[in-house]
Amino acid sequence: MSSALVLAGGGVAGIAWELGVLRGIADADPALAERVIAADLVVGTSAGSSVAAQITSGVPLDELYAAQLRPETAEIEVDVDTEKLFAEYGAVLGGVSDPQEARRRLGALALAAKTVEPAVRLGAIDARLPVKEWPGRDVRLPAVDAETGEVAIFTRRSGVSLRDAVAASCAVPGIWPPVAIGDRRYVDGGVRSMTNADLAAGAERVFVIQPVLEGTPQPWGSLDDEIAALAPARVHVVSADQASVDAFGTNALSPATRAPSAEAGRAVGRAHADAVAALWG
C-alpha cells in the first residue's frame, strides 16, 4: 500500500513543531515513527520543505528534534507580526479571483520588498540541511514563479540543488528574498497552498501534519478540497492544539519559538499516535 507524508508551512515554529509531532509519535511507538518517516512520498511546503529534507537525510529523528531545543541556531531573527503580514497580503489581493493572478501579485510584492541579502538567507537554509544532496526518494517541494505565478514542483530530478529548492519553497513574500534558480525567481510554495496535500494524489494513505488549529481556513488553497482530490485515499490530519498556537506566538518566524513549539508538537504527536497507527497499519 503506497503512503504519503504531507508537511505543511508554518515558519520556524512550524519546523520545530512538525519535528516534535514526529518525535511524539516515536515516544509512543518508535517503529511507527520510522515507518511514517519512510513514507513512499514526502510533500513539504515552506517550513515543511525543511522538515522533509531533514527527515529524509538519514539523520536520526532524535538528533533533529534535539537541535530544535538548543538555543544556538543559524536562523535569522526577523521582526514580523503574522496577522499584519497576512493583512498586507489581503490588501494586495483585493478582488482577485484567479489563483495564478493572486500568486503573481504576491510574487510582485516579494520582488519589490527590501529583505536580507539572498546569500545571507541561503546560508541560513544551508544550515538547516544535515545532508546537502537530495535523498533517493520521492520528495516534492512546491514553489511559485514570482513573475508568472506558475507553480513549480522541485524533485531530485529537477536539476536544482536541495538547498535552492528548500529556500524557494520557504521564501515568504515580503520577508525573505525570492530565490534565483536559472533565469527565474521563486517564492514560497505556501502561496499556492499551505499544505499542497493534493500533490500526494495516488497514494492510498496520506498523513498530513499542519501547524494550525483544526478548521483554520487557509489564506489561499483549501485542505478540504485537497483531501477530496485524494479520494479514495485514507487520510489523517494532525493539527495544532491551543498550547501549540500559544507556543508559536505572534511571530512564527522567530528562532525563539523553536524549543516551545517542538515541545508542544511532541505532546500532540503522542496524543495522535494511536490514530496514526490505525492509518499506517
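**Exercise 1. Classify Phe86 and Trp220 by accessibility: buried or partly exposed?**

Step 1. Phenylalanine 86 has a relative accessibility of 31%, so Phe86 counts as partly exposed. The classes are buried under 20% relative accessible area, exposed over 50% and partly exposed in between, with a 1.4 Å probe and protein chains only.

Step 2. Tryptophan 220 has a relative accessible area of 15% and is buried.

The structure is a predicted model, in which local features need pLDDT of at least 70, side-chain atom pairs count only at pLDDT 80 or more, and totals for chains, interfaces and linings use all residues. Residues are numbered from 1 along each chain as its sequence is written, and side-chain values use heavy atoms, with hydrogens and water left out.

**Exercise 2. Describe the aromatic pairs that involve Trp220.**

Step 1. The structure holds five aromatic pairs. Rings of Phe, Tyr and Trp (its six-membered ring) pair if their centres lie within 6.5 Å; planes under 30 degrees apart are stacked, over 60 edge-to-face, and the rest tilted.

Step 2. Phe86 and Trp220 are a tilted pair, 6.0 Å centre to centre with 35° between the planes. Phe86 lies in helix H5 (residues 82-92) and Trp220 in the loop between strand S7 (205-213) and helix H9 (223-229), so the pair ties together parts 134 residues apart in sequence. Helices (H or I, at least four residues) and strands (E, at least two) are DSSP runs numbered from the N terminus.

Step 3. Tyr89 and Trp220 are also tilted, at 5.6 Å centre to centre and 50° between the planes. Tyr89 is in helix H5, 131 residues from Trp220.

Step 4. Phe86, Tyr89 and Trp220 form one aromatic cluster.

**Exercise 3. Where do the residues of the UniProt "active site" feature lie?**

Step 1. The unreviewed UniProt entry places this feature at Ser46 and Asp188; UniProt positions follow the numbering used here, feature names are shortened, and annotations may be inferred rather than shown by experiment.

Step 2. These residues span 143 residues in sequence, yet no two of their C-alpha atoms are more than 6.0 Å apart, so they gather at one spot.

Step 3. Ser46 is in the loop between strand S2 (41-44) and helix H3 (47-55), and Asp188 is in strand S6 (residues 184-188).

Step 4. Ser46 is buried at 7% relative accessible area; Asp188 is buried at 4%.

Step 5. Not counting residues up to four places away in sequence, Ser46 touches Gly9, Ser169, Cys170 and Asp188. Contact means heavy atoms within 4.5 Å.
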